[in-house]
Every structure is written in C-alpha cells, then in structure tokens.
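Subject: Structure handover

Hello,

Here is the structure I said I would pass on. My notes on it follow below.

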Amino acid sequence: MALSTTTLFLCLALALTNAAPVNHDAAVDDASLPDRCDGIGFDAITPDENGTYFFFRGSHLWKGFRGPAQLSNESFQQLDDIHNIGHVDAAFRMHNDHMYFFVDDKVFSYYGHALEKGYPKDIQQDFPGVPSHLDAAVECPKGECMADSVLFFKGHDVHVYDIATMTVKTKTWSHLPVCTSALRWLEHYYCFHGNNFTRFHPVLGQVSGGVYPKDARDYFMKCPNHGHGGNHTFLNCSDIKIDAITTDDAGKSYVFAGTNYMRLDTRREGLHGFPITRSWKEVTNGVDAVFSYSDNMYLIKDDQVYIYNAAAQYTLIEGYPKTLKEELGIEGHVDAAFVCPNDDTVYIIIGGTIRAIDLSATPRVVTQEWLLPFSHIDAALCNAEGINVFKGATYYHYESPMTLVTSRIAPEPQHVDTAMMGCKK
C-alpha cells in the first residue's frame, strides 16, 4: 500500500510539513492590489461556515491561503460599500456559523455572507462589557476554555466573554505580543502580530507548542521563498488511494496515506494534511493499518504495533512498539483493521482473510477467521452507519461485521467523493 511522494502530495492536496490548506482557485497577482506576503500582517482573520479562511487588511481581504486580494465587500456586501468602514478591527466565526466583524464601536453580524437584519449595532448591545476599538477576537469552545467563550484582545488585555452568561472577565497577558488578529485552527490558538504569529494557551495565555514567534508566511499562506511546500494540485477522486482510516473515541477522524495524515472531521476549519510524525513521532515510514480502542490508537507498520494514549496527546505507551505476535497473536502483512463503536473486537484483514481478535482478553488471540470475497484491501472503517472497506478509489459498504464476513459476493462498489475525502470530482 505504499504511495509515491508525488501521489501523496496530490492526494492530500497540502504541503508536506507545517501544512496549511491551499486554495485551488488559480489566480495571478495584480500589482495594484495589496500583497499578503509583504510582511505587514492582517487586521483580522476568520473562517466562514465552509472552513474557508478570510484574511483582512484595510478595505481588502484574501480568500483562502493563496491568490490575490479583493475588496472586502465582494465577499461581504455592505461591509464597506455602504458604511465606508475602510477596515475591520477584529472578526470571528461563532459555533452557530454566524460571523462577527468589529469596526470601531460597531459589530456586524453575517450569516451565509449576508448582513443580518438590524446590523450594524453597538458592540455593547451584543457583547456587553466588551470594549470598542478591538485588536483581535477568537471563539473558544467549552473544553478548550472553561465555558463557551470569545476572547477579545485589546493591547495586552484579554476580555473573556462568556457566551451563556454574557459576562466578561479581563486578564492581562503582557508576555504575549499585542495581537493584531487571532485564529483558532485545529484546536490550537494563534496570535498574529505583523508577519509573525505566536501560539498560546487560550486559558492561561502561556506560549505553547514550540519556539515562537514564527513567520506566518512559512505556514499560513503561500509566499515566494517561504514555506516548505511546492505547487500542488488536487487529485481527482478517481485517483485516491489511502493506507488507513480511523475515528478515535473523541470523534476525531484520520486518514493516512504514505507518510502523511489528514483530519477529516475538521471541515469547518478546512481539510489539512500533516506528516504522521507530527502526532506520532515514532512512526517514521507510514502505516499499514490503524484502529482505535479504549482511548488508545493502534498504528501497525510491518510487524510492529505502536499504541498511543489519545487522552495524553497521543503519547506512546511505555514498552511499545511490540510485534504483531506479542500484541495481537497474529503474523503476516496487515492490510486493514477496524473496531466498531462499543465493541471489544478488532477485525484484521490480511490478504483475502479477515480475523476477529478479542481486545478484552489476555492474551489476545484470533477467535474466528473468515474468507473475504475480495483481496488487496487498502483500509476499512466501522462507524454507526456500518463498515466501509476501501480499495483504491472505491469502497464497499456493509451494514455490520457479520454481513461482511458472511458475504460471498462483494456488493456494488461505491466511489470515493469530495464529501468523503476532500478530493476533486
């Protein structure tokens, strides 16, 4: 199931390392328009309900991570043409897909890129206790913050607005740069200042996750002489080929191809690809199969099994990797593996056979084995809707493991589509 480097890049449609999503609308820069790569930075950054990011500066914005500037009112009518605001101070997307833009002492609310009735309003009407002339804003959901909140930045002060109680608590984070815009991306928080950004903890404010500041042009946009990626195009859905797919106990879905992986449950943030070593640093040469069980993720490569604790940010459990024989009581090249929700059985596909192993037993051994109506399987996933068995750019759907193991004729193959993998039709 090895994937060439070129095909892998196309499949994920993203850069190899520190990848940010790439807008695939071809465009030619216009010298008369502002240049996002000039190092000046942005006034505001926010995604819309589809996970498309908008970068604002002055009366212009950039849609996606590459391409030329356009007037803000081309995407958000009335934001500039009627009210002549000339700039946006701060912006964020609420969990209900409403987008808020802050200008001086006013707030504009958009839904589906249309200005809602009654707006603009005074900021205090919608967000009592929040000051005017903000520098940045970002939503922080419960679980990442203490409650569903919005962080409003002004100077070194952070005004934490509780959405449910409509109350504000103010903190001073003097150790952070003054944020000109802020962004939540894949459950991480970033303060942008000039052409740089700093990752921070949304509750404590501490700088986290590495050495900062970093140059945003290397990560969040495509600029000449910056970043690590090349020119990539989106692979047609008919050319998709994956190595493994799984959903962990927290509902995070991952697809693996070559030495990279992509989150599939982050469509509201866009689809993003990363090296596998970013989250599972010991797995350096891709995977053959992956499955999730009891808050752990099992990554199988050759005859080795790596087990990571998902609750501890995918920390490798002490004593691993172990051999397939030691961990699961099997030998051979594993093509695919899956565990269904609320089940203790992992189903391992090797060639044209499928084997059931009770994960709650000690030692773990094969309890049953069946022949499959096909071989050369790439990956498999079980969820509440049933089982999808992937083979190249097609997949076979079964209602349950028993339906799969007792079938003697393969069902009609279905085709991987844009909604499933983010590929191009």
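How many nonpolar, polar and charged residues are in the lining of the largest pocket? By class, the lining holds 23 nonpolar, 10 polar and 12 charged residues. Here Ala, Val, Leu, Ile, Met, Phe, Trp, Tyr, Cys and Pro count as nonpolar, Asp, Glu, Lys and Arg as charged, and the others, Gly among them, as polar.

Please note that this is a predicted model, in which local features need pLDDT of at least 70 and side-chain atom pairs count only at pLDDT 80 or more, while totals for chains, interfaces and linings use all residues. Residues are numbered from 1 along each chain as its sequence is written, and side-chain values use heavy atoms, with hydrogens and water left out.

The pocket

A pocket is an open set of points on a 1 Å grid over the protein atoms alone, where a 1.4 Å probe fits, with protein on both sides within 12 Å along at least five of seven lines; lining residues have an atom within 4 Å of a point. The largest pocket has a volume of about 1,300 Å³, the volume being the space filled by probe spheres set on the points, which are joined across faces, edges and corners. Its lining has 45 residues, and Leu186, His188, Arg199, Arg278 and Gln313 lie nearest the centre. Strands E15 (188-193), E16 (196-200), E20 (260-263) and E25 (315-316) each give two or more residues to this lining; strands are DSSP runs of at least two residues, numbered from the N terminus. Domain 1 (44-218) and domain 2 (237-415) each supply at least three lining residues, with bounds taken from an automatic or database domain assignment.

Two sheets

E31 and E32 (386-391) pair over five bridges, and Asn383 is partnered by Gly386 in E32.

Regards

Technical notes. Helices (H or I, at least four residues) and strands (E, at least two) are DSSP runs, numbered from the N terminus. Two strands pair if DSSP finds at least two bridges between them.
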